[in-house]
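Visitor: Please take me through one part of this model in close detail. I would like the aromatic contacts and what surrounds them.

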Amino acid sequence: MTVKRCATCRRFRDYEADDTFCIGCGHDGLEDACSCGRAYDYALTEMGDDLHCPRCGLRLRGRTTGIE
């Protein structure tokens with residue numbers, strides 16, 4: 001299992017390596033690392049609305065604007 005984040009709803013979950021669709025919203029934009037290359041393995045244990053990448057500071061939580 002690998003921690004992946006949906007690029008649409010931005011939720012973190014454990015997925016198998018071949019999974020491409022989000023279990024929550026159904027979109028096909030799963031990412032297994034931040035754009036800076038940092039893996040998301042730390043993200044499942046973090047709580048709260050604000051979550052940022054510890055390497056580049058990118059905000060990781062919160063829904064993408066314009067997507068329902």
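**The aromatic pair and its surroundings**

Guide: A search of the whole structure finds one aromatic pair. Rings of Phe, Tyr and Trp (its six-membered ring) pair if their centres lie within 6.5 Å; planes under 30 degrees apart count as stacked, over 60 as edge-to-face and the rest as tilted. The ring centres of F12 and Y40 are 5.1 Å apart and the planes stand at 75°, so this pair is edge-to-face. F12 belongs to strand β2 and Y40 to the segment after β3, so the pair ties together parts 28 residues apart in sequence. Both F12 and Y40 are buried (under 20% relative accessible area, exposed being over 50% and partly exposed in between, with a 1.4 Å probe and protein chains only).

A word on the source. This is a predicted model: local features need pLDDT of at least 70, side-chain atom pairs count only at pLDDT 80 or more, and totals for chains, interfaces and linings use all residues. Residues are numbered from 1 along each chain as its sequence is written, and side-chain values use heavy atoms, leaving out hydrogens and water.

Now the sheet. Strands are DSSP runs (E, at least two residues), numbered from the N terminus, and two of them pair if DSSP finds at least two bridges between them. Three strands form an open sheet in the order β2-β1-β3, with antiparallel pairing. β2 (12–15) and β3 (30–31) are at the edges with a single partner strand each, so one side of each has no neighbour in the sheet. Strand β1 (residues 2–6) is joined to β2 by four bridges. K4 has R13 in β2 as its bridge partner.
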